[in-house]
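Hi,

Here is the structure I promised to pass on.

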Amino acid sequence: MKKKAMIILGVFLFSIGAVVAVVLRIHALSRYFLIDGDSAVFGLMAKHIYQLQEFPAYLWLNHYAGALVSYIGALFFAMFGISSLSYSLTGLVLSCGWVSASIAIVRKILDLPGAIAAVGFVFVPPSCVLFYSLYPGGVQAETLLFASIILFLLLGYNMQDKKARFSSCFCLGFLSGCGLWLSPGIFPALLTVLTVFMLKDKKVFLSNKIVMFAAGLLIGHLPAIVHNIYYPGATFFRLGG
């Protein structure tokens, strides 16, 4: 009976925290209205995508900031009409996705006190983290989201049997490829994945697992590959200065 009561209390408190997290993010969007120069350009790209005028892979003239937020924004334009408020909802989606991925990680690796502290942090983060998790005009929100999902899948890879790791390797590669298209900030997550692969199996780079990972990486990175074929070496030269 006592255990059941504790479970009910935990669910109740978690639900309150989730509501607070969503309300906090909606309040931040309404108060700070995170539309500036870069986000306005991504929003204009979303308008062009919605109107089927073009389908960019990157922020115009910046060949390293992937345009995923513009495609999400185009979806919200289709649902709610073209407005800056509709576009701002992309930040809410990315931030809530990051919170969900972070909670999934917490459940795997922390005991109860640590989990409570970590969940509290992602529900009500410092203002700078809250801002960047909501910001629909750069790569910070995408980096937080994709790095968290990659880490979550990597923890699952550690716990799975050898046969299941083939699909995990492909998924990790795919998400790493997508993340690298969106943001160079995914490189540390990619290096973490490769390091874990090597620690778990020193012959991994001679196995079928790395083939599955590479296949996923190439497919996930396909928008950037096509873009750099159309604009030869654009991303390399842009990041290389």
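**Aromatic pairs and the core**

Phe76 and Phe80 sit four residues apart in helix α3, so about one helical turn separates them. (Helices are DSSP runs of H or I, at least four residues, numbered from the N terminus.) Bear in mind that this is a predicted model: local features need pLDDT of at least 70, side-chain atom pairs count only at pLDDT 80 or more, and totals for chains, interfaces and linings use all residues. Residues are numbered from 1 along each chain as its sequence is written, and side-chain values use heavy atoms, with hydrogens and water left out.

Phe76 is buried at 11% relative accessible area, while Phe80 is exposed at 51%. (Buried means under 20%, exposed over 50%, partly exposed in between, with a 1.4 Å probe and protein chains only.)

Phe131 and Tyr135 are stacked, because their ring centres are 5.5 Å apart and their planes at 15 degrees. (Rings of Phe, Tyr and Trp, the last by its six-membered ring, pair if their centres lie within 6.5 Å; planes under 30 degrees apart are stacked, over 60 edge-to-face, the rest tilted.) Phe131 is partly exposed at 32%, whereas Tyr135 is buried at 7%. Together with Tyr132, they form one aromatic cluster.

Now Lys209: this residue is in helix α10 and is buried, at 11% relative accessible area. Beyond its neighbours within four places in sequence, Lys209 contacts Tyr157, Arg165, Phe166, Cys169, Asp201 and Val204 (contact means heavy atoms within 4.5 Å).

Cheers

Methods: Helices (H or I, at least four residues) and strands (E, at least two) are DSSP runs, numbered from the N terminus.
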